[in-house]
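Hi,

Here is the structure I promised to hand over.

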Amino acid sequence: MTGMEDNNVLTSTQIVIEDALRKLGYGDDMVELLKEPMRLLTVRIPVRMDDGKTRVFIGFRAQHNDAVGPTKGGVRFHPDVNEIEVKALSIWMSLKCGIANLPYGGGKGGIICDPRKMSFRELERLSRGYVRAISQIVGPTKDIPAPDVMTNAQIMAWMMDEYSRIREFDSPGFITGKPLVLGGSMGRESATAKGVAIMIDEAMAKKNIPVNGARVVIQGFGNAGSFLAKFMHDAGARVIAISDVNGALYNEQGLDIEDLMDRRDSFGTVTNLFKDTISNDELLSLECDVLVPAAIENQITASNADRIRAKIIVEAANGPTTLEATRIVTDRGILLIPDVLASAGGVIVSYFEWVQNNQGYYWSEAEVDLKLREMMVRGFNSVYELHAMKKVDMRLAAYMVGVRKMAEAVRLRGWI
Ligand code: NAD
């Protein structure tokens with residue numbers, strides 16, 4: 001898709017991690033330790049399918065580093081899950097936790113599967129099988145999973161139940177993103193999108209663009225993209241385009257977001273219900289104030305970065321912009337709010353959920369929202385100030401803020 005450009009998400013993460021650690025004054029030993037997860041478990045999960053046959057699924061759990069505290073991060077169910085992606089995602093989780101100043105390192109898991117082609121009961125057996133396979137290395141004080149692409153509160157409930165049965169005590173703090181009745185937190189489902197909306201507010205203030213009437217384009221209409229569309233619409237912005245895996249909808253006057261939310265399916269697809277669509281590539285180059293990639297990796301690359309006509313890019317997805325594209329859009333004066341900052345809302349409210357589970361005392365949605373805003377804005381200010389002071393791009397600044405607490409914890413523990 002992009003000629004000679006290297007789109008390997010792990011290599012590009014390692015380049016920025018190394019750059020960040022060197023700028024913070026650390027040497028080869030720290031780079032060597034933090035450029036890869038300290039642990040990666042690969043498991044084979046036998047699952048009895050509805051037709052009576054057994055299928056073996058491959059799953060992973062990566063733990064980047066636990067110097068700061070237990071590791072934390074989602075579990076992805078997707079046909080394209082692979083070792084490299086899981087490793088990169090675990091490092092990104094460390095950076096998000098570092099930027100938000102949470103007492104965690106990063107973790108991530110995934111299973112190679114296509115939930116769209118599995119029944120409810122097959123998904124339950126797969127979720128329980130995964131927990132049995134990784135139970136040795138996870139737990140409320142070791143590594144705490146959560147939802148990610150194509151996993152949801154029901155899957156978290158099965159996983160929590162399986163873990164509680166194995167340990168023989170109720171363990172709500174084992175996993176976050178649970179349904180409310182099982183110890184979930186108010187505001188968790190829409191937390192990522194709410195965090196992204198807060199970042200859009202901050203970025204627009206820096207660019208002196210009023211939110212009211214601003215033109216917003218969102219790629220992806222799943223958990224992150226659809227809630228964000230609603231928040232931006234409610235705040236008075238004009239969401240002029242959204243997309244899913246099949247294509248994009250565009251209306252310069254603003255789309256009817258509530259209608260689209262009602263009509264989308266649980267996998268975030270809606271554009272197939274319409275005749276008049278544009279492509280995802282066309283969507284990315286629409287003229288707008290804010291462009292939000294909220295779908296998958298490697299969408300803004302060296303081959304389309306010079307066609308982007310947004311004033312601000314806010315990365316709700318993980319890894320949507322390559323390093324070369326980051327350089328191109330930054331040079332063009334576009335303000336880029338990187339993934340490890342912009343999409344930290346999910347892990348922040350997951351942290352609140354874990355705290356509430358540990359206390360057995362639950363907060364109101366208003367309390368969650370207030371604390372989320374405080375943490376997101378503090379993260380934004382640290383990254384923006386470092387970017388301005390050290391004259392580094394926003395991604396490098398975010399990595400520097402994200403990794404410094406972990407490196408300091410490693411040093412203080414005497415590991416290096
Ligand atoms: P989701 O599965 O709910 O939705 C994904 C959306 O992207 C769907 O609308 C899908 O149709 C669309 N999509 C898939 N492939 C596409 C393609 N090739 N082109 C255009 N659109 C495509 O996932 P989600 O939870 O909304 O996550 C989206 C992104 O945000 C991911 O990168 C995820 O890692 C990141 N993220 C999510 C959370 C969260 O709490 N949900 C937190 C942090 C980061």
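This is a predicted model: local features need pLDDT of at least 70, side-chain atom pairs count only at pLDDT 80 or more; totals for chains, interfaces and linings use all residues.

Helices (H or I, at least four residues) and strands (E, at least two) are DSSP runs, numbered from the N terminus.

Residues are numbered from 1 along each chain as its sequence is written, and side-chain values use heavy atoms, with hydrogens and water left out.

First, the overall picture. The protein has 14 helices and 11 strands, and its C-alpha atoms fill a box of roughly 55 × 55 × 45 Å along the principal axes.

H3 (residues 83-100) has 18 residues and reaches 26 Å from its first C-alpha to its last, close to the 26 Å expected at 1.5 Å a residue; the expected span is 1.5 Å times one less than the number of residues. Since 16 of the 18 residues of H3 are buried, the helix is largely enclosed by the rest of the structure. At its start, a side-chain oxygen of Asn 82 comes to within 3.0 Å of the backbone nitrogen of Ile 84. At the other end, H3 is followed by Asn 101, with a positive phi near 60°.

H6 (residues 191-206) has 16 residues and reaches 23 Å from first C-alpha to last, close to the 22 Å expected at 1.5 Å a residue. This helix is mostly covered, with 12 of its 16 residues buried; among them are Gly 195, Val 196, Ile 198, Met 199 and Met 204. Asn 208 follows H6, and its phi is positive too, near 55°.

On to charges. A salt bridge here is a side-chain nitrogen of Lys or Arg within 4 Å of a carboxyl oxygen of Asp or Glu, and a search of the whole structure finds 37 of them.

Which side chains does Glu 252 pair with? One is Arg 215, at 3.0 Å from N to O. Glu 252 lies in the loop between strand E8 (247-250) and helix H8 (257-263) and Arg 215 in strand E6 (residues 215-219), so this pair ties together parts that are 37 residues apart in sequence. The other is Arg 238, at 3.9 Å from N to O. That pair also links distant parts of the chain, with Arg 238 in strand E7 (residues 238-244) and Glu 252 in the loop between E8 and H8, 14 residues apart. As for cover, Arg 215 counts as buried at 17% relative accessibility, whereas Glu 252 is partly exposed at 27% and Arg 238 is partly exposed at 29%.

Another salt bridge joins Glu 408 and Arg 411, whose closest N and O atoms are 3.0 Å apart. Both residues lie in helix H14, 3 residues apart, about one turn of the helix. Salt bridges that share partners also join Arg 121, Glu 124, Arg 128, Arg 132, Asp 161, Glu 162 and Arg 165 into one network.

Next, a loop. Asn 304 is found between strand E9 (287-293) and strand E10 (309-314), and is buried, with a relative accessible area of 5%. A polar atom of its side chain lies 2.8 Å from the backbone nitrogen of Thr 301.

Last, the surface. Leu 33, Trp 415 and Ile 416 form a nonpolar patch with about 250 Å² of accessible area together. Areas come from the Shrake-Rupley method with a 1.4 Å probe, and for residues only the protein chains shown count as cover. Patches are made of residues with over 30% relative accessible area and no salt bridge, like charges being joined within 9 Å and nonpolar side chains (Val, Leu, Ile, Met, Phe, Trp, Tyr) within 5 Å. Trp 415 lies in the segment after helix H14 (394-412) and is partly exposed, at 41% relative accessible area.

Cheers

Definitions and conventions. Buried means under 20% relative accessible area, exposed over 50%, partly exposed in between (1.4 Å probe, protein chains only). A polar contact is a pair of N or O atoms within 3.5 Å; within protein, one must be able to donate a hydrogen and the other to accept it, and residues adjacent in sequence count only if both atoms are side-chain atoms.
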